[in-house]
Amino acid sequence: YGQVTSNRPASGSLVGTLGIGERPIRVGWISRFMYKHAIGYMTQGLVETLPRPKYHVVVFKIHNTPEVEDEVSKHIDYHADEVVVLPSTLNLCADMVRAHRLDVLIYPEVGLDPVAYFLTYARLAPVQMAWWGHPDTTGVPTIDYFVSTKFEVADAETHYSEKLVRLEGLGAYLYRPLPGGEKNPAKWREQIRTDLALPNNFHLYLCPQALFKFHPSFDDVLVDILAKDKLAYFLLLDGRDRHAWSKLLLERMKEKMETTGHRNIDLSLSRILFYKPEFEDDMSSLYQACDVVLDTFPAGGYMTSLQALAVGAPVVTLPGRLLSTRLTYTMYKIMEIDDMIAKDPTDYVNLALKVAHNTAYRKRLASLILARSGRLFTDNTAVGEWDNLLTTAVAAAQTRASGGVDAIAAGVSEAELRAAEREVKNKKFLARDGSKIFVDGKPMGPKGGGHPPAYPPEEQQKR
C-alpha cells in the first residue's frame with residue numbers, strides 16, 4: 001500500500017515549489033497534538049524561532065473533538081504564519097496539505113494518530129521528515145529523513161528506513177515548565193502519606209509513565225526493589241486506562257513474585273499505589289515530593305523526565321540500543337551527569353535504592369541536576385541546526401529534481417553545497433519528462449516558460 005500511494009503524482013511534477021532563493025522556504029508541521037501534549041511542547045518553540053522571513057511556517061492541526069484550546073495551542077497559533085485545521089477525512093486532508101505547496105513537511109510523531117500515520121504514505125511535499133515524538137522509524141518509503149540526536153548508538157542508521165539526521169542535543173527549542181500549583185513538596189508528601197495511609201517512614205518511588213509502557217522486563221526491577229527495600233512504595237499515576245492496565249500489571253508482578261520465591265506477596269502488592277494529582281500543574285511539586293523517579297524501559301519517557309529534571313528530581317534510566325530508551329539518557333548527557341544512567345537492570349535497582357536511602361546524596365544530586373537543567377531549554381543551537389537541515393534538504397531535493405546528484409547522499413562538503421545553492425537560485429530547471437516545475441514561485445518548462453540547462457551530461461551531473 002505504501003509503495004502504491006507514495007507514487008501518487010501531485011499537480012505538476014513536484015508538489016512544492018522548491019525555492020531557496022528570494023521567496024521563503026515553506027515548512028509545514030502536522031499533528032493532532034498541537035496543545036498541552038508532549039508533541040505540542042516539543043514543537044511550539046521551533047514554530048516560533050525558525051528565522052523569518054527565511055521561512056514561512058504552516059501548522060496543520062488534525063481536528064479534535066472537542067477542539068482543544070490551551071496555552072500551548074494559543075502559543076503555536078500566534079507564532080505560526082498560517083494555521084490550518086484539517087478534517088479527519090484522509091483524502092481531504094491530503095488535498096488540503098498539497099494545496100499549500102510546501103517545500104518541507106514535518107511529522108513530529110508518526111504512530112500516535114492514525115490520520116497522521118496514513119498521510120505519511122502520500123508524497124505531500126518534496127521533502128518529508130519524521131521527528132522523535134514517536135521515537136521509532138516509520139518504515140514508510142515517502143518519509144525521507146528521521147531527525148534524531150547524536151546520542152543514538154553508533155550504528156543507529158540500521159534502525160531506520162529514513163536517512164538518519166543526528167542533531168547535537170534533543171534538537172528541540174523547549175521552554176522550561178512553569179512551576180505550577182500551590183503545594184509545597186514537603187507538605188504534599190505528608191498529604192500523600194495521610195491519603196494513602198502510609199507509615200511514618202517510607203521511600204516513595206514515582207513511576208510517572210502511562211501504564212502501557214510497563215514492560216514485563218521492567219516488572220523485574222519493581223519486584224527486586226520491593227524485595228530489597230521494605231519501606232518502598234511505588235506511586236503510579238491514576239489515569240483513564242488505569243483499571244485495565246493495572247490489572248494486567250499486578251497479575252504479572254504476582255506471577256513473578258511466586259516464581260522467584262518472594263515472601264509476603266500480598267503485602268508487597270499493597271505497596272503499589274495509584275495516585276492522581278488534582279491539577280496537571282501540581283506535577284512539578286509531586287516530583288519533588290518523591291524520593292526517586294523511575295524511567296520505564298524499553299519504552300522510556302520524554303516529557304515526564306524533562307519535567308522531573310527541571311525541578312531537580314533524580315530520574316533513574318536504563319538506555320538501550322533504540323531511541324525509545326535513550327531520551328532521558330540524552331538529557332543527562334547534555335547536562336554531563338552520569339550518576340543515574342544504569343548499565344543493566346541490576347545496576348538500575350542499585351541506583352534507585354541509593355537515591356532513596358541516602359538523603360544527603362539525593363540532595364547533592366538534585367542540586368547538581370537543577371543547576372545544569374537549563375541546558376535542556378531554549379536551545380538556540382537546535383534552531384540553527386534545523387535551519388541548516390531544512391536549507392540543505394530543500395537544496396538536495398532541488399538537485400534531484402534537476403537530474404543532478406543528491407548532495408546529502410553524495411557527501412558533498414558544506415562549501416560545495418552553498419555554491420550549488422547560489423547556482424540553483426539563478427537557474428531555471430526542467431523536469432526530465434518535460435513537464436513544468438516551479439522555481440521561486442514561477443512555473444518553468446515548456447508549459448510555463450523557461451529553458452532547460454544547456455550543459456553536457458557530465459557537467460549536469462557535476463552541477
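Predicted model: local features only at pLDDT ≥ 70, side-chain atom pairs only at ≥ 80, totals over all residues.
**Close-up views of a sheet and its helices**

View 1. Strand E2, which spans residues 55-62, is joined by 5 bridges to strand E3, and the two strands run parallel. Within this pairing, Lys-61 stands opposite Val-85, a residue of E3. Strands of a sheet pair in general through backbone hydrogen bonds, in either a parallel or an antiparallel manner.

**View 2. The open sheet of 7 strands.** The strands follow the order E3-E2-E1-E4-E5-E6-E7, and their pairing is parallel. Strand E3 (82-86) and strand E7 (163-167) form the edges, each of them pairing on one side only. On average, and with direction ignored, neighbouring strands of this sheet are turned by 25 degrees against each other.

**View 3. Helix H15 across the sheet strands.** Helix H15, made up of residues 380-401, lies across strand E1 (25-31), E2, strand E4 (104-107), strand E5 (127-130), strand E6 (145-149) and E7. Relative to E5, helix H15 runs at about 140 degrees.

**View 4. The packing of helices H13 and H14.** Helix H13 (residues 345-357) packs against helix H14 (residues 359-372) at an angle of about 100 degrees, and the axes of the two helices are 5 Å apart. Because of this angle, H13 is roughly perpendicular to H14. On the H13 side, Lys-354, Val-355, Ala-356 and His-357 take part in the contact, where they meet Thr-359, Tyr-361, Arg-362 and Leu-365 of H14. Sorted by class, the residues in this contact of H13 with H14 comprise 4 nonpolar, 2 polar and 2 charged ones.

How values were computed. Residues numbered from 1 in each chain as written. Heavy atoms only, no water. Axes fitted to C-alpha atoms, helices over the stretch in contact; angles between N-to-C directions. Helix = DSSP H or I, 4+ residues; strand = E, 2+ residues; numbered from the N terminus. Parallel < 35°, antiparallel > 145°, perpendicular 65-115°, else oblique. Contact = heavy atoms within 4.5 Å. Nonpolar A, V, L, I, M, F, W, Y, C, P; charged D, E, K, R; others polar. Pairing = 2+ DSSP bridges.
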